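Please look over the sequence and the model below before reading on. The paragraphs that follow go through the structure step by step.

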Amino acid sequence: MPGSQVDPLFATAPDRRGTGSEKWDRWAGHDVIPTWVADMDFAAPEVVLDAIRDRVAHGVFGYTDMPPGFAPALAEHLERRHGWTIEPDWVTSVPGVVNGLAITARLLAGAGDGIITFTPVYPPFLSLPPLAGRECIRVPLSQAANRWTIDWDRLEASVTPRTKLFWLCHPHNPTGTVFREPDLLRIAEFAARHGLTVISDEIWSDLLLDEEHGGPRHVPFASLDHDKAHNAITLVAPSKTWNLAGLGCAAAVTREVSLLKKWRPTGGGLVPMINPLGYAAAEAAWRHGDHWRRRLVAVLRRHRELVLETVAALPGLTCATPEATYLVWIDCRQAGRADPQAACEAAGIGTSDGKDFGFPGFIRLNTACPTDRLVEILHRLARAFSQ
Ligand SMILES: Cc1ncc(COP(=O)(O)O)c(C=O)c1O
């Protein structure tokens, strides 16, 4: 049984029902196992919990700016993990990566200007530009044999004189594609030719599944040796890797430090300060979380295999092998179900609906739960798509 191979650290998970969990409340009271929104069911690492406890013991939770250890902890993490050298003063804290994206739409584009993004994509990439009065320019990725790749012709055809930004999701949610250095350099050249600023959302960059087995490593876009990389803004957070989304703490990194001065004013008073527990957790995760992270990746690799085996056995379902994230993006268009999401819910699994990512006919499945639960999810997936 798959369960017998599981790291005890990830064999069980706290019951999240009744805690206000967005993931678990969606189908509360129904026999539907949620496997949608991108948080994990696992408890955060002890090193992070200890840091939070220490901060709680201090007892004062007043308005909090970036504590002195925050930017250096991120800088050391980026250097150690990705070989990217940054200065701490290139960093500002943000209450979330989505919030950071929303700020860049207002900071670097005007009303009616365009923002390019590859689709399918994490839904806020599609919804935030119109909410800011900007145009979202969708460039579909190509579905190659076992990987989603960039369609350069479509990309060239999509740009207009009013296009100002390129929102890159790197690694890519939902496909799990890790863009390689030649692709990133070509994006930089494209951005240079058209005068675009690249905003690189690298929230998934610490969950590359094969890097310890000879697979791709993460190359931070802004670490490239290219002018357009040098004026990019990178958005990072510890929230996906160490399961801290509810603590609302992320960071924006750019050499264009003058932009950071305009950052909070651009929010028009709507961007709150970050809470002290979020800072404490982020710093501890970046400084001390790597052992836990590596054990997690081993579990997620095993989970990916379980999902791929199940999908391969179900006629009509296909999916490329994700290289990063704990998400699997499944093409159900040949499975004979008019509404695959409804079929999944009827079979008792709460997947994400591909139409929210701009691709109806697909579902996204989150594997970050104890193995026993994933096995049950996969039984139900098979039930949803068995003839
Ligand atoms: C690509 C991507 N960016 C941003 C987020 C959310 O970031 P935050 O919770 O920091 O706003 C997610 C969450 O799934 C994501 O997948």
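A residue is called buried if 20 or more other C-beta atoms lie within 10 Å of its own, exposed if 12 or fewer do, and partly exposed in between. The model discussed here is predicted.

With that scale in hand, take V271, which sits in the loop between α10 (257-266) and α11. V271 has 18 C-beta neighbours inside 10 Å, so V271 counts as partly exposed. Setting aside neighbours within four places in sequence, the contacts of V271 are P95, N99, I103 and R264.

Now the chain as a whole. The protein chain holds 14 helices and 14 strands. Its radius of gyration is 20 Å, close to the 21 Å that the globule rule gives for 387 residues, so the chain is as compact as a globular protein of that length. The C-alpha trace spans about 60 × 55 × 40 Å along its principal axes. Of the 387 residues, 48% count as buried. Among contacts between residues at least 6 apart in sequence, 72% join residues at least 24 apart.

How is the chain divided? The domain assignment gives domain 1 (2-45 + 290-385) and domain 2 (50-288). The C-alpha centres of domain 1 and domain 2 lie 25 Å apart. Where the domains touch, 27 residues come from domain 1 and 30 residues from domain 2. On the side of domain 1 that touches domain 2, the elements giving two or more residues are α12 (290-312), β11 and β14. Of these, α12 gives the most, with five residues.

A parallel pairing is found elsewhere in the chain. Strand β3 (residues 114-119) and strand β4 (residues 135-140) pair in the parallel sense over six bridges. In this pair, F118 stands opposite V139 of β4. Between the two strands the chain passes through helix α5 (residues 124-131), and this β-α-β crossover from β3 to β4 is right-handed.

Which residues have the most contacts inside the largest nonpolar core? They are A281 and I330, in a core of 119 residues. Helix α11 (residues 276-288) supplies the largest share of this core, eight residues. The core draws at least three residues from each of domain 1 and domain 2. For A281, leaving aside neighbours within four places in sequence, the contacts are V48, A51, I52, L244, L247 and C249.

Notes:
Residues numbered from 1 in each chain as written. Predicted model: local features only at pLDDT ≥ 70, side-chain atom pairs only at ≥ 80, totals over all residues. Core = buried A, V, L, I, M, F, W, Y, C linked by C-beta atoms within 7 Å. Helix = DSSP H or I, 4+ residues; strand = E, 2+ residues; numbered from the N terminus. Domains from an automatic or database assignment. Contact = placed C-beta atoms within 7 Å. Rg over C-alpha atoms; globule rule 2.2 N^0.38 Å. Pairing = 2+ DSSP bridges. Right-handed = clockwise from strand over helix to strand, strands pointing away.
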